[in-house]
Amino acid sequence: MEAPRIRKFGTFLREIFGRRVHKVGLVGGFTCPNRDGSLGTGGCSFCNPASSLPAGYRGGSDFRRQLEKGCRHVSKRFGVSLFLPYFQDYTTTYGDPEELERMYESVLSCPGVVGISLCTRPDCLDDGVLDVLERLSRKTFLLVELGVQTFDERLLADMNRLHTSGDTLDALERLRDRSIFTAAHMILGYPGHTVETAVGDAAILREAGIGGVKLQNFHVVKGTAMAKRYAEGGFEALDQNAYVEMAVSFLEETDPRAVILRLNGSAPARLTVAPEWSTDSRATTAGIEAALEALDTWQGRKTGASREDVSGAPDAGFHPVLRTIAEGTPPE
Ligand code: SF4
């Protein structure tokens, strides 16, 4: 069989757990410091929290019931029996550490659950929270998805992120010091974000030893500051070919051991302003994969990695906690 051109998350989970694992999105009733007033109230310029709710979510914050329902749904639809709960609303490490720990722990006992996945911001990982995450990562598979978006200060300010690239590097270092498996959410193609920015961002993540990456094509969502700016003619919607080029360039600079969680992002069609193509995630993913093939390139190629490096087993030094889970021995 031909070696893959990128290290896909699904394959990676199968390597660890021996079977297919499916994520199940959960809404835990969180907020974020960029909305509750502690840093700001307007939120990031691109964000409409309604666009990232799990499909089929109808309200209510009883995540244990959400999980059971979600597991039944994906099990029926995809024939899977292993699940990775994903707390995905707002900033899911933003809260009292003890309460967070209780919440995270409560889903671990559900049948078929192999771990937990959380999303957060670089400035919501104080020592109390990191203690909780470290404990969790020693007993189960923990994936922290960190909203990085870019390391370009000018773009971070334009996005109204209200944190700096220095905050991100600090968070990455502290997560890595505790061997917490971390993936970066990156937005490519935000107005002013170029192929060069994408390449620079990928190189910084590689040097920081990132465990995974989730790529998102910038798209304009209703109810955001960017939707207003777009309506006023402030910028043009991202071109699909331009995004494919950015994604390929980003991947070529990415560590071949890093796991690629996703190649693009979309909002529901009813919330999408532009570009229209962004609602067809499968087509965008297929376009990137076709471009990798046509250019005969792969993840990490520009860093000197071979295709075999992409398909090789995860490095124990790189993923110490995962390796220990795979071997069935709890970490020290
Ligand atoms: S992207 Fe995250 S940090 Fe920014 S406003 Fe939305 S939920 Fe808050």
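Does aspartate 296 count as buried or exposed, and how many C-beta neighbours lie inside 10 Å? Aspartate 296 counts as exposed, with 9 C-beta neighbours inside 10 Å, where exposed means that 12 or fewer other C-beta atoms lie within 10 Å of the residue's own, the C-beta atoms being placed from the backbone. This is a predicted model, in which local features need pLDDT of at least 70, side-chain atom pairs count only at pLDDT 80 or more, and totals for chains, interfaces and linings use all residues. Residues are numbered from 1 along each chain as its sequence is written.

**Backbone geometry**

- Most residues other than glycine have a negative phi, and most peptide bonds are trans.
- Aspartate 296, although not a glycine, has a positive phi of about 45°, and its place is in the loop between helix 10 and helix 11 (307–311), helices being DSSP runs of H or I with at least four residues and strands runs of E with at least two, numbered from the N terminus.
- Asparagine 160, in the loop between helix 5 (153–158) and helix 6 (165–177), also has a positive phi, near 60°, and is partly exposed with 17 other C-beta atoms within 10 Å, a class that lies between exposed and buried (20 or more).
- The peptide bond from alanine 274 to proline 275 is cis, with omega near -10°, and proline 275 lies in the loop between strand 9 (272–274) and helix 10 (281–294).

**Ligand surroundings**

- The residues around the ligand include Cys32, Asn34, Arg35, Tyr90 and Arg121, a residue being near a molecule if its C-beta atom, placed from the backbone, lies within 6 Å of it.
- The shell around the ligand divides into five nonpolar, four polar and two charged residues, where Ala, Val, Leu, Ile, Met, Phe, Trp, Tyr, Cys and Pro count as nonpolar, Asp, Glu, Lys and Arg as charged, and the others, Gly among them, as polar.
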